[in-house]
Amino acid sequence: MVSERVDALVVFGATGDLAKLETFPALVGLVDRGVLDVPVVGVAKSGWDLDRFRGYAAASLRDNGLDPDSGPGKRMLGLLRYVDGDLDDDATYAAMAREMGDGKRALFYLEVPPFLFGRIARGISTAGRAEGARVMVEKPFGHDLDSARELNDTIHRYFPEESVYRVDHWLGLDPLEDVMAARFANSVFEPLLNRDHVASVEITMAEAFDVAHRGRFYDATGAVRDVVQNHMLQVLATVLADPPDGSGIDSWLDAKARVVAAIRPLAPEDVVRGQYEGYLDVDGVAPDSTTESFVAMRLAVDSWRWAGVPLLIRAGKTMPVTATEITIRFTPVPVDVFGVGPSGIRNQLRFRIWPETELGLSLVGKLPGAGARAESQEMVFAQQAGSDMRPYDRLIGAALDGRRGLFARQDTVEAAWRVVDPILGDAVPLHPYPRGSWGPEEAQRLLPEGATWHAPAA
């Protein structure tokens with residue numbers, strides 16, 4: 001059931017890069033669809049006034065091809081309020097409360113580093129605005145299991161779990177919902193998604209670009225923390241989780257939580273780490289850094305449905321293409337009538353979830369002519385540019401409405417950290433790899449015998 005709408009949106013860190021790149025353009029979409037019509041209060045310590053804040057937001061819209069001088073862009077700018085102050089000063093939160101108006105239910109969006117979460121939550125409470133509110137927080141939600149638990153405990157002092165909306169922007173991608181639709185709106189697929197019919201599940205997240213100007217941030221993070229613990233395990237859970245029942249979105253969140261909790265914690269032999277050649281020359285990167293820009297891993301789920309099925313994830317920078325694809329390979333036929341061979345042509349279900357939307361089903365047929373030789377053809381269901389709704393438009397709109405299905409729950413976040421905790425840091429050796437390649441050759445050893453990694457096309 002949809003909860004009460006909020007009567008104010010408060011954005012902490014509203015003069016930062018995330019607001020400029022994502023938040024302001026998303027708010028225009030929300031205004032355009034009639035979802036957002038309440039005060040939007042920006043809070044930061046930048047020495048700005050309201051006019052400069054609105055100018056910053058207007059520049060963001062222009063950078064994103066939106067018109068700040070008319071239509072929904074102009075209406076969004078009219079909703080903006082601004083409080084400039086120290087986050088350690090209770091007067092800042094009192095001023096925030098005044099700008100919010102008389103409403104009793106707000107959405108607080110914390111676009112700030114996690115070490116500020118506790119102080120901000122306390123300030124909101126001191127200002128008398130925590131009761132009935134929702135709080136939306138950005139990743140990284142911790143840097144390991146212990147820190148994630150500590151963050152949860154800190155936030156829960158002021159906000160109950162049902163009021164916390166943890167952002168993983170991949171959950172706001174429209175193509176990820178296409179995966180759910182393919183699974184649960186078609187009766188032909190779901191009966192096959194289990195250990196009796198699936199030979200392996202593979203996710204490749206390839207990025208053709210390098211770390212660029214993010215060297216300082218990335219060197220303290222790495223591929224496992226940056227994209228695997230959050231994005232890729234959420235994608236994997238979307239593929240593996242049992243179907244939701246008719247009781248509502250909580251049943252889907254429960255299903256994802258169960259499957260992530262059933263993933264066996266990784267061991268060093270399950271993982272290959274890599275670092276692209278030239279990474280150490282990036283500004284902000286330590287000269288002796290052992291941070292991975294590539295990781296490949298083989299996971300296992302201890303459940304009746306998926307026991308024994310290899311689950312493979314590969315993510316890296318400076319790959320040949322920028323693309324994320326899920327590949328479900330099915331088991332071979334029991335009797336090889338058409339000379340397919342034990343490691344030859346297979347049925348395969350493929351989802352491309354970034355940057356385009358695509359669903360491909362590979363079927364095997366007979367080559368024309370004499371003889372009984374087989375060939376594979378892929379039927380592509382759809383290829384399109386994707387939704388015109390920005391991920392943050394979708395996410396902020398869901399939080400405004402109190403819809404939790406697009407957010408990460410506490411138990412799932414902590415279960416994901418349990419999976420990767422044993423291989424953080426330097427627990428796994430680091431291998432160099434050339435720019436423009438698919439990563440270190442050592443990643444091949446994680447695959448089932450005779451298999452090769454799926455390489456998404458450009």
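**Entry 1: helix 5**

I started just after helix 5, where glycine 128 takes a positive phi of about 75°. Helices here are DSSP runs of H or I with at least four residues, strands are runs of E with at least two, and both are numbered from the N terminus. I noted that the model is predicted, so that local features need pLDDT of at least 70 and side-chain atom pairs count only at pLDDT 80 or more, while totals for chains, interfaces and linings use all residues. Residues are numbered from 1 along each chain as its sequence is written, and side-chain values use heavy atoms, with hydrogens and water left out.

I then asked how many of the ten residues of helix 5 are buried. Seven are, and the helix is mostly covered. Buried means under 20% relative accessible area, exposed means over 50%, and partly exposed is in between, with a 1.4 Å probe and protein chains only. The buried residues are Phe117, Gly118, Arg119, Ile120, Ala121, Gly123 and Ile124. I found them packed against strand 1, helix 4 (90–100), strand 4, strand 5 and helix 6.

**Entry 2**

Two strands pair if DSSP finds at least two bridges between them.

Strand 4 (residues 106–110) and strand 5 (residues 134–137) pair in the parallel sense over four bridges. Phenylalanine 108 stands opposite valine 135 in strand 5. Contact means heavy atoms within 4.5 Å.

**Entry 2: helix pairs**

I compared two helix pairs by axis angle and distance. Axes are lines fitted to C-alpha atoms, for helices over the stretch in contact, and angles run from 0 to 180 degrees between N-to-C directions.

Helix 6 (residues 145–156) and helix 12 (residues 410–420) pack at about 165°, their axes 9 Å apart. The two are therefore roughly antiparallel. Angles under 35 degrees count as roughly parallel, over 145 as roughly antiparallel, 65 to 115 as roughly perpendicular and the rest as oblique. From helix 6, Leu145, Ala148, Arg149, Asn152 and His156 make the contact, and from helix 12, Gln410, Glu414, Trp417 and Arg418. I sorted these residues into three nonpolar, three polar and three charged. Ala, Val, Leu, Ile, Met, Phe, Trp, Tyr, Cys and Pro count as nonpolar, Asp, Glu, Lys and Arg as charged, and the others, Gly among them, as polar.

The axes of helix 7 (residues 174–184) and helix 9 (residues 222–240) come within 9 Å and cross at roughly 15°. That makes helix 7 roughly parallel to helix 9. Leu176, Val179, Met180 and Arg183 in helix 7 meet Val235, Thr238, Val239 and Leu240 in helix 9. I counted six nonpolar, one polar and one charged residue in this contact.

**Entry 3: strand 7**

I checked strand 7 (residues 198–207) next. Nine of its ten residues are buried, so the strand is largely enclosed by the rest of the structure. Eight bridges join strand 7 to strand 11 (residues 323–330), and the two run antiparallel. Methionine 205 has threonine 324 as its bridge partner in strand 11. With strand 10 (residues 311–317), strand 7 pairs in the parallel sense over seven bridges. Leucine 311 in strand 10 is the bridge partner of valine 201.

**Entry 4: backbone exceptions**

Most residues other than glycine have a negative phi, and most peptide bonds are trans. I looked for departures.

The peptide bond from lysine 139 to proline 140 is cis, with omega near 10°. Proline 140 sits in the loop between strand 5 and helix 6. Tryptophan 354 and proline 355 are also joined by a cis bond, with omega about 0°.

Alanine 212 has a positive phi of about 55° although it is not a glycine. I found alanine 212 partly exposed, at 41% relative accessible area. Threonine 318, again not a glycine, has a positive phi of about 55°. It lies in the loop between strand 10 and strand 11. Is threonine 318 buried or exposed? At 2% relative accessibility, threonine 318 counts as buried.
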